[in-house]
Amino acid sequence: MENQMNSIEVRNMSKDFKIQYDKAQSLKEMLLFWNREKPQIHHVLKDINLDIKKGDTVALIGTNGSGKSTLLKLMTKILYPTKGTLETRGKLASLLELGAGFHPDFTGRENIYFNASVFGLTREEIDKRVDDIIDFSELGDFINNPVRTYSSGMYMRLAFSVAINVDAEILLIDEILAVGDQYFQDKCFAKLKELRDSDKTIVIVSHSLDMIKKLCTRAIWIYKGHVQMDGEPGYVIDHYLDQVVKDHAKSNKDFHAENIECILTVEQPVNNTIIDQSDYLEISGWEVSNVQETEVQVFLDDQYVAKAERLKRNDVLMHYQEAMGGASMNVNAGFSGKIDILGLMGIHKVEVTVKNQGNVIANKVIHINIKEEQV
């Protein structure tokens, strides 16, 4: 007997897709692409086993093409496994594609009734909730306009508002919260936290790793079709980012020096800051670049004084994984160090330089004003 506390159970499940190429239209194409008549099999998910318990808030993470969105679609039964089983227990609502289930020629209000009925609500039940749905969406008079006139943000507002008001026991979300303005994203996030603290089961696919850390109780990393890691979000994300950096490095093995890019940020000291006399000055910050083996050097008044220590900064890697698809090739994005300023007063120049194979690829100049010690 399977565990009745599980909302979703996946057993030995795999999903394949057939890739069928267009038939050759000429003799030349037949000779060049003679093997295209046979469909190729693409193994998207391979032997997946998962238990997602009632009340879990789970993130599926992974790079594009890893199979996480396919797994979510299998949970909704939009797709079905090639082999193995996937079972869900309880009413399920999903937000997989923007406006899915909406008819463009009907108004937002009419689409609320259509969409909510798909989730199993009767007309009387929808009547009781329609005002709450409209209020949460904040669409105002637009609710009576055809949804074909809606922006992508308005679509998202309406779709999310319906999904959270149908009393589903399982809520599945695929990146849709990346749409819309920051205010409504924050509102949705607050609502999801409220649902997380109830007995609802939530499964989210997202590249927003910071949001996952704040919201989710568990993260499942899908890597090349397999479950690579399953556990506490911070721990799983750290290992995921390490792998992203390694894979990015492998894909850039034929990299040319003229294409080097580097972003350098000095967090401490702040430029033009006034500081008290001290024995030393702390230097810290981060750099992300598309080359390996970078080092950070610190200069004081144009004189070399130290090589900064490198350290992990997964907060930085998370941001650049989300914004740039894993641009950094150095897992140790951070740096820190101390320089001797004993006896110095007045204005001095601190320069932080990033080098690769002896060549400067980025630098920042910071001016500090060391004030005279008060007697």
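Predicted model: local features only at pLDDT ≥ 70, side-chain atom pairs only at ≥ 80, totals over all residues.
The largest nonpolar core has 59 residues. Those with the most contacts inside it are Ile 61, Ile 112, Leu 158, Phe 160, Leu 171 and Leu 192. Helix α5, residues 152-163, gives this core its largest share, 8 residues.

Helix α2 spans residues 68-76. Of its 9 residues, 7 are buried, so the helix is largely enclosed by the rest of the structure. The buried set consists of Lys 68, Thr 70, Leu 71, Leu 72, Leu 74, Met 75 and Thr 76. Lys 77 follows α2 and has a positive phi, near 70°.

Cysteines were considered next. The count of disulfides comes to 0. Cys 188 is buried, with a relative accessible area of 0%. Cys 262 also counts as buried, at 19% relative accessibility. The cut-off for a buried residue is under 20%, so Cys 262 falls within it.

Aromatic rings come next. A pair of aromatic rings is described by the distance of the centres and the angle of the planes. The structure holds 8 aromatic pairs. In one of them, the ring centres of Phe 106 and Phe 114 are 5.1 Å apart. Their planes stand at 85°, and an angle over 60 degrees counts as edge-to-face, so this pair is edge-to-face. Both residues are partly exposed: Phe 106 has a relative accessible area of 32%, and Phe 114 has one of 38%. Another pair joins Phe 299 and Tyr 304, with centres 5.7 Å apart. Here the planes meet at 70°, so this pair is edge-to-face too. Phe 299 is buried, with a relative accessible area of 16%, whereas Tyr 304 is partly exposed at 47%. Ring pairs also link Phe 102, Tyr 150 and Tyr 155 into a cluster.

Lys 15 lies over the face of Phe 17, at 5.1 Å from the ring centre. Likewise, the charged end of Lys 338 sits over the ring of Tyr 280. The distance to the centre of that ring is 4.4 Å.

Charged side chains also pair with each other. Side chains of opposite charge can pair when their charged atoms come close. The structure holds 16 salt bridges. One of them joins Arg 218 to Asp 56, with the closest N and O atoms 3.3 Å apart. Arg 218 lies in strand β8, residues 218-223, and Asp 56 in the loop between β2 (40-53) and β3 (57-61). The two parts are 162 residues apart in sequence, so the pair ties them together across that separation. Both Arg 218 and Asp 56 are buried. These two residues and Asp 230 are linked in a network of salt bridges.

Asp 105 forms a salt bridge with Arg 148, and their closest N and O atoms are 3.0 Å apart. Asp 105 is in the loop between β5 (92-95) and α3 (108-118), while Arg 148 is in the loop between α4 (123-137) and α5. The pair therefore ties together parts that are 43 residues apart in sequence. Arg 148 is exposed, with a relative accessible area of 53%. A further salt bridge links Asp 197 and Arg 196, with the closest N and O atoms 3.1 Å apart. Asp 197 is exposed, with a relative accessible area of 59%. Arg 196, in contrast, is buried at 18%.

The peptide bond from Gln 268 to Pro 269 is cis, with omega near 0°. Pro 269 is placed in the loop between β10 (262-268) and β11 (273-275). Positive phi values occur in residues other than glycine. Asp 47, in strand β2, has a phi near 55°. Asp 47 is partly exposed, with a relative accessible area of 47%. Glu 138 is not a glycine either, yet has a positive phi of about 55°. Glu 138 is found in the loop between α4 and α5. With a relative accessible area of 35%, Glu 138 is partly exposed.

Definitions and conventions: Residues numbered from 1 in each chain as written. Heavy atoms only, no water. Phe/Tyr/Trp six-rings, centres within 6.5 Å; stacked < 30°, edge-to-face > 60°. Buried < 20%, exposed > 50% of the residue type's maximum accessible area, 1.4 Å probe, protein only. Lys NZ or Arg CZ within 6 Å of the ring centre and 35° of its normal. Helix = DSSP H or I, 4+ residues; strand = E, 2+ residues; numbered from the N terminus. Core = buried A, V, L, I, M, F, W, Y, C linked by side-chain atoms within 4.5 Å. Disulfide = S-S within 2.5 Å. Salt bridge = Lys/Arg side-chain N within 4 Å of Asp/Glu carboxyl O.
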